[in-house]
Amino acid sequence: MNDKLIIAGKEFDSRLFIGTGKFSSNKIMADAIESSGTQMVTVALRRVDIDNPNDNMLAAIDRKKYLLLPNTSGARNADEAVRLARLARAATGIIWLKLEVTPDPYYLLPDPIETLKAAEILVKEGFIVLPYINADPVLAKKLQDAGVATVMPLASPIGSNQGLKTKSAIEIIIAQATVPVVVDAGLGMPSHAAEAMEMGADAVLVNTAIAAAKNPVQMANAFKKAVQAGRQAFLAGGAEVKRQADASSPLTGFLRE
Amino acid sequence: MTVLRINGEDRHFEKTLPATLADLLGLMKVDAATVVAEIDGQIIKKDDFGSTKLSTGQKIELIRLVGGG
Amino acid sequence: MENFQNILAQIGLDRYNAELIDAIEKTTPADVEKALADKTGYNLQKLTALLSPAADKYLEQMAQKAQQITRQRFGNIIQLYAPLYVSNFCVNSCPYCAFNIKGKFTPSRLTIEQACKEADILAEMGFRHILLVSGEDKKFVTTDYLTVLAAELRKKFSSISIEIYPANQADYEKLFAAGIDGIALYQETYDRDDYKKFHTAGPKADYEYRLETLERAGNAGFRSLGIGFLIGLSDWRMQTLAMAQHADFLMKHYWQSRVSFSFPRMRPAENVNRDMFRYMITDRQLVQMMTALRLCFSDAEIVLSTRENAQFRDNVSKICITRISAGSKTNQGGYTDDSAIEQFEVADARSPAEVSRMLKQAGLEPVWKDWDIAFTG
């Protein structure tokens, strides 16, 4: 069955994207990426550690198999995000970008105003922008008007593993979207990812739940299966628990035919 | 005085600075292929590492891709 | 941006689609029950099942659910509006319309002064939402005419909509700037072949230009986008699906505007040629259509005009209607001088006060003014 995910004209078979942070070793990271079946992983930009200049995580990722999606994590405002985006593009030649503007270091919640500002600039500069946002339906529409390639609403704060706390808002975003919706952040268990897919999300992005698991490689594989199951359920069309309609007085009694 | 501010920290050089950015990276044992460089806010293209001359007081940022969500 | 016409063609809703009609006929009670339990808004399968013959047995349940959803989203509010016909002159020759150019009547138009006099009467009755209607009369009902009229009407009315010929985007931008923020334009039929049959001459023969009109208006900033098809021209189920697809498209791309459904219906009458208009529907089917749409579009406006009779309006307004006209005159100048020809026969001739009383008795709250032009300058 042809159920490919298409983002900015690019086809994906896997609807699970993986974040590469927080892994205890590059080898475990690479093995987890492999067992997740993903086709795109996010990476960040940081200053080279002068004392340890050749810790090169990038070497552990087979760029022939996996697309890199640079993010602007660390940016606290639009200017910083735009700068990081340009640096990422200069470093890799990649024009895809996960736009993250998080001024608050406690919850790492994204700044809606700076995100929209940065998105408008970066779309004009030819970037393929995937913005990370709180589950705000109006913000999602404004970003789509600005020309982003997806919207990525959070399920709950980064690293919190709380699952779909923003479920109703994400439902609205999905209903109104003209671009793919990728649920990102806070998915703590495969069942959360399955739930997001059952709701109609086009894909999910998972990092902490896998990297911090006791066995990241197995957890990555579990997420893979959960995303597939959730998507299949969505396509199969689930039945819902029936609620009795309130049969007060008949509304259609007046129709004689 | 020969100093460069590299990644937010002043680094002093005895006698002379490395002539070019490529020389600096070699000195610091940083693999040029995996790094993005900014000098005083301007991004330097990789092809230009060898021809970019350094001068004292410059602010240099060396950035690379790392794991992230 | 996606092209709506391509979408409609891909789904097979712009022409007679025997497969789809067959699928609709073969819908089972189980399919209908699944659709009733599906809370996810609009999708083609869901609406198809709700419109099917099999769903007729579930009509009461559909009406109860439609009422529940409408109360949740709109409360007990129902918005009153009145049409103001400014011109019955029309260069098109649609066989179903009393204004068609071949008809024998004296064409007339209202000057700005006359139109304002009519509007004053409507304002006296309590209306604050007004719908300006005209035929395809670009010579007289120009953009300038409408902007001048809107400037006057803004003094008394808080919302001005138009139901006129399709115009271009630059015109809509001017009209929006003048204070007109709503548009209604019925495609009559989304079926290209039927459309050609009924619209052989005049600017209205251009199916595509007409179909794109609401997008031009949406681009110009119009807040209210009204769609509909003339019930009787083509298979009603296919047309409802096409219209729903249109609504879905407009809601996604003009997310700051509200889509409204209207149901202009041809009714059997002496002068209506039943060979030409073979797809008229029963009251029951119309209720099925309205409730099915409400179950798919919880936030769309659903509009009821005075084409329908009092008994129908009394019963249906409490189910899922959000906007209703009253005391309408569909002839130009009709509020001051009732002698000119009507576009269609008004089947509910009760005054706005009577209709308002009826609505209150039904537990609804008639709202005359729902906006203030001062909010947007």
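This briefing covers the contact between chains A and B, the nonpolar cores, and two backbone features of chain B. The structure is a predicted model. Chain B meets chain A through 21 of its own residues, which are in contact with 29 residues of chain A. The largest nonpolar core comprises 106 residues, and a second, separate core comprises 84.

- On the side of chain B that touches chain A, strands β3 and β5 (59-67) each supply at least two residues.
- The most is given by β5(B), with seven residues.
- By residue class, the side of chain B that touches chain A divides into 10 nonpolar, five polar and six charged residues.

**Nonpolar cores**

- In the largest nonpolar core, the residues that touch the most other members are Leu50(C), Leu84(C), Ile130(C) and Ala247(C).
- Helix α12 of chain C, spanning residues 236-253, gives the most to this core, with 10 residues.
- The second, separate core includes Phe23(A), Ile61(A), Leu99(A) and Leu130(A) among its 84 residues.
- When neighbours within four places in sequence are left aside, Ala247(C) is in contact with Ile227(C), Val259(C), Phe261(C), Phe297(C) and Ala300(C).

**Positive phi angles in chain B**

- Lys15(B) is not a glycine, yet its phi is positive, at about 60°.
- The position of Lys15(B) is in the loop between β2 (9-12) and α1 (21-28) of chain B.
- Lys15(B) counts as exposed because it has 5 C-beta neighbours inside 10 Å, and a residue is classed as exposed at 12 or fewer.
- Lys29(B), likewise not a glycine, has a positive phi of about 60°.
- The loop that holds Lys29(B) lies between α1 and β3 (35-39) of chain B.
- Lys29(B) has 9 C-beta neighbours inside 10 Å and therefore counts as exposed.

How values were computed. Residues are numbered from 1 along each chain as its sequence is written. Chains are lettered from A and ligands numbered from 1 in the order in which they are written. This is a predicted model: local features need pLDDT of at least 70, side-chain atom pairs count only at pLDDT 80 or more; totals for chains, interfaces and linings use all residues. Helices (H or I, at least four residues) and strands (E, at least two) are DSSP runs, numbered from the N terminus. A residue is buried if 20 or more other C-beta atoms lie within 10 Å of its own, exposed if 12 or fewer, and partly exposed in between; C-beta atoms are placed from the backbone. A nonpolar core is a set of buried Ala, Val, Leu, Ile, Met, Phe, Trp, Tyr and Cys residues joined through C-beta atoms within 7 Å. Two residues are in contact if their C-beta atoms, placed from the backbone, lie within 7 Å. Ala, Val, Leu, Ile, Met, Phe, Trp, Tyr, Cys and Pro count as nonpolar, Asp, Glu, Lys and Arg as charged, and the others, Gly among them, as polar.
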